[in-house]
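Hi,

Here is the structure I said I'd pass on.

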Amino acid sequence: MARVEAEPYEFEFDPATTALLMIDFQRDFVYPGGFGEALGNDTSPLLKALPPAGKVLKACRAAGVFVIHTREGHRADLSDLPPAKKARGRGKITIGDVGPMGRLLVRGEVGHDIVEEVYPIAGEPIVDKPGKGAFYATDLDAILKMKGIQKLVVCGVTTEVCVHTSVREANDRGYDALVLSDCVGSYFPEFQRVALEMIKAQGGIFGWVSDSERFLAGLRSAVPSAAGAAAG
Ligand code: TIU
């Protein structure tokens with residue numbers, strides 16, 4: 001068992017039944033010119049999550065923790081895009097329109113793919129999701145069940161949107177989720193703070209919150225092979 005200092009109290013997990021869930025680290029959210037910017041956001045605050053999330057990813061790989069990635073996006077014909085989602089924001093360009101990184105939030109486009117710092121490697125499933133939640137209209141739950149996963153360590157963007165929705169969905173499906181505060185990012189500092197508070201309030205109503213340093217310390221003490229990777 002690995003033990004991680006966290007709020008509202010210690011998070012204990014068996015690396016064999018725990019998955020690292022990397023949510024929507026896509027160019028479309030993290031870089032200028034993508035969907036996030038089209039919604040009127042300054043994307044730069046999200047970059048801060050990449051170095052710590054990259055460290056956690058490497059350490060989990062070295063420790064043999066199952067890693068799974070998600071991407072938000074739609075079919076090229078937009079047949080899975082709710083008209084309300086297309087219209088929302090009233091931006092100059094919206095989902096499916098062509099931007100500097102290709103068509104916004106469309107699968108297969110440059111902007112839709114995951115940034116280099118946390119890019120998946122062979123053996124790490126990528127779940128393409130049409131909504132904010134990682135469980136909605138995807139096979140994530142089936143994959144986790146096949147692997148015997150009971151607990152999730154969560155990194156990704158954005159904290160109060162796709163991370164929160166996915167953690168709430170995970171909670172209702174019986175998974176324990178640990179969110180790493182410096183490995184998740186929001187366009188709004190206030191939402192970042194309060195979204196994390198919501199998860200751990202009321203005795204951990206949706207899950208637990210810790211940070212990369214405390215998580216890596218807990219992982220290393222249980223699986224010494226994770227140590228070298230995290231240092232690099
Ligand atoms: N807009 C925003 O903050 N987020 C999203 O639309 N999607 C995700 O969070 N992935």
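Below is what turned up, starting with the ligand and ending with some backbone details.

A bit of housekeeping first. This is a predicted model, where local features need pLDDT of at least 70 and side-chain atom pairs count only at pLDDT 80 or more, while totals for chains, interfaces and linings use all residues. Residues are numbered from 1 along each chain as its sequence is written, and side-chain values use heavy atoms, with hydrogens and water left out.

**The ligand**

Which residues are around the ligand? They are Asp24, Phe29, Phe35, Leu39, Glu72, Lys132, Val157, Thr158, Val161, Cys162 and Tyr187 (a residue is near a molecule if one of its heavy atoms lies within 4 Å of it). By class, this shell has seven nonpolar, one polar and three charged residues. For those classes, Ala, Val, Leu, Ile, Met, Phe, Trp, Tyr, Cys and Pro count as nonpolar, Asp, Glu, Lys and Arg as charged, and the others, Gly among them, as polar.

Now for the polar contacts (pairs of N or O atoms within 3.5 Å). Lys132 has a polar side-chain atom 2.8 Å from an oxygen atom of the ligand. Thr158 also places a polar side-chain atom 2.8 Å from a ligand oxygen. With Val157 it's a polar backbone atom, 3.2 Å from a nitrogen atom of the ligand. On its own the ligand has 280 Å² of accessible area, and the protein covers 93% of that (Shrake-Rupley method, 1.4 Å probe).

**The pocket**

Where does the ligand sit? In the largest pocket, meaning that more than half of its atoms lie within 2 Å of the pocket's grid points. A pocket here is an open set of points on a 1 Å grid over the protein atoms alone, with protein on both sides within 12 Å along at least five of seven lines; a cavity is a set of points where a 1.4 Å probe fits but cannot get out, and lining residues have an atom within 4 Å of a point.

The largest pocket has a volume of about 180 Å³ (the space filled by probe spheres set on the points, which are joined across faces, edges and corners). It is lined by 14 residues, and Leu39, Asn41, Thr158, Val161 and Tyr187 lie nearest its centre. Helix H6 (residues 159-172) gives the largest share of that lining, three residues. Helices (H or I, at least four residues) and strands (E, at least two) are DSSP runs, numbered from the N terminus.

**The cavity**

How many cavities of 30 Å³ or more are there in the whole structure? The search finds one. The largest cavity holds about 50 Å³ of space, and its lining includes Phe35, Leu39 and Arg90.

**Backbone details**

Val157 and Thr158 are joined by a cis peptide bond, with omega about -10 degrees. Thr158 is in the loop between strand E8 (151-157) and H6. The peptide bond from Glu7 to Pro8 is cis too, with omega near 5 degrees, and Pro8 lies in the loop between strand E1 (2-4) and strand E2 (11-13). Lastly, Arg90 is a residue other than glycine with a positive phi, near 50 degrees.

Cheers

Key: A polar contact is a pair of N or O atoms within 3.5 Å; within protein, one must be able to donate a hydrogen and the other to accept it, and residues adjacent in sequence count only if both atoms are side-chain atoms.
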